Amino acid sequence: MVTEETTRRVTKRRVRTRANLLDAAFEVFAAKGFGRVSIEEVCEAAGYSRGAFYSNFDSLDELFFALYRQRADLIAEQVSGALALDGPDLDVTAAVDRVTEVLLLDLDWLLVKTDFLVHAARDPKVAETLLEHRARLRGAIAERLARARGFTPPAAVLGDIDGAAHAVVAAYDGVTTQLLLDKDVEHARVWLKQLLTALLTDGSGAPQQGH
């Protein structure tokens, strides 16, 4: 009994330590960029020793991958949740508003994600991790669109619901590239809403001024 209780305390402490290291790493990576950060800097930001780091991660690369997966999965869940609020009768305009709020919320995340993209472009194994996440995000969008009564991709060129999901992610990629450069979140939000509305409706609404 005592051994089990001790084990639970150790496990909880380790989970907390890992979470704190990931949170600290996110801040340091966003501020300095992956490739310019040392293990010592992450440990200092988290308030832990190198020993605590190596009890949770073998390398800075492993921590970076864990951080990316954690944040990327959270974004995918938030997008899925935003699309689920209308039930089977998807209100595309309202859903676009909610998804845009989720996707453009965190500039620090965009910086870290871009670092990961550049890293992945030079390493096929890392690229596989990124491709898996993007597939999960597209799958969450496509699955929600498929469950919406009467929804079909409005533009024939998209082909099917999977094509619409691909287009949504591509629009997000394009808008966030501009956002990283000009830091104009409100303008990016307007432009992303315009693009997603055009992709997922008949586009009959009055156009807004974009980039």
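Trainee: Which ring does Arg71 lie over?

Mentor: Arg71 lies over the face of Phe26, at 3.8 Å from the ring centre. Keep in mind that this is a predicted model.

Trainee: And ring against ring, how many aromatic pairs are there?

Mentor: The structure holds nine. One of them is Phe34 with Phe64, a stacked pair with 4.1 Å centre to centre and 5° between the planes.

Trainee: Where in the chain do Phe34 and Phe64 sit?

Mentor: They are 30 residues apart, so the pair links distant parts of the chain. Phe34 is in the loop between helix H1 (2-32) and helix H2 (39-46), while Phe64 belongs to helix H4 (residues 60-84).

Trainee: Buried or exposed, Phe34 and Phe64?

Mentor: Phe34 has a relative accessible area of 18%, so Phe34 is buried, the cut-off being under 20%. Phe64 is buried too, at 1% relative accessibility.

Trainee: What about Phe53 and Tyr54, how do they pair?

Mentor: Edge-to-face, with 5.3 Å centre to centre and 85° between the planes. Phe53 is buried, at 0% relative accessibility, whereas Tyr54 is partly exposed, with a relative accessible area of 39%.

Trainee: Which rings join into a cluster?

Mentor: Ring pairs link Phe29, Phe34, Phe64, Phe65, Tyr68, Trp109 and Phe116.

Trainee: What lines the largest cavity?

Mentor: Twelve residues line the largest cavity, and Leu83, Val99, Ile141, Val168 and Leu200 are the closest to its centre. By class, the lining is twelve nonpolar residues, with no polar and no charged ones.

Trainee: Which helices supply at least two residues each to that lining of the largest cavity?

Mentor: H4, helix H5 (92-103), helix H7 (124-147) and helix H9 (185-200). H5 gives the largest share, four residues.

Trainee: And which residues line the second largest cavity?

Mentor: Val79, Val99, Leu103, Leu137, Ile141, Val168, Val169 and Tyr172. These divide into eight nonpolar, no polar and no charged residues.

Trainee: Which helix gives the most to the lining of the second largest cavity?

Mentor: H8, with three residues. H5, H7 and helix H8 (161-182) each supply at least two residues of that lining.

Notes: Residues numbered from 1 in each chain as written. Predicted model: local features only at pLDDT ≥ 70, side-chain atom pairs only at ≥ 80, totals over all residues. Heavy atoms only, no water. Phe/Tyr/Trp six-rings, centres within 6.5 Å; stacked < 30°, edge-to-face > 60°. Buried < 20%, exposed > 50% of the residue type's maximum accessible area, 1.4 Å probe, protein only. Lys NZ or Arg CZ within 6 Å of the ring centre and 35° of its normal. 1 Å grid on protein atoms, 1.4 Å probe; cavity = no way out; pocket = protein on both sides within 12 Å on 5 of 7 lines; lining within 4 Å. Nonpolar A, V, L, I, M, F, W, Y, C, P; charged D, E, K, R; others polar.
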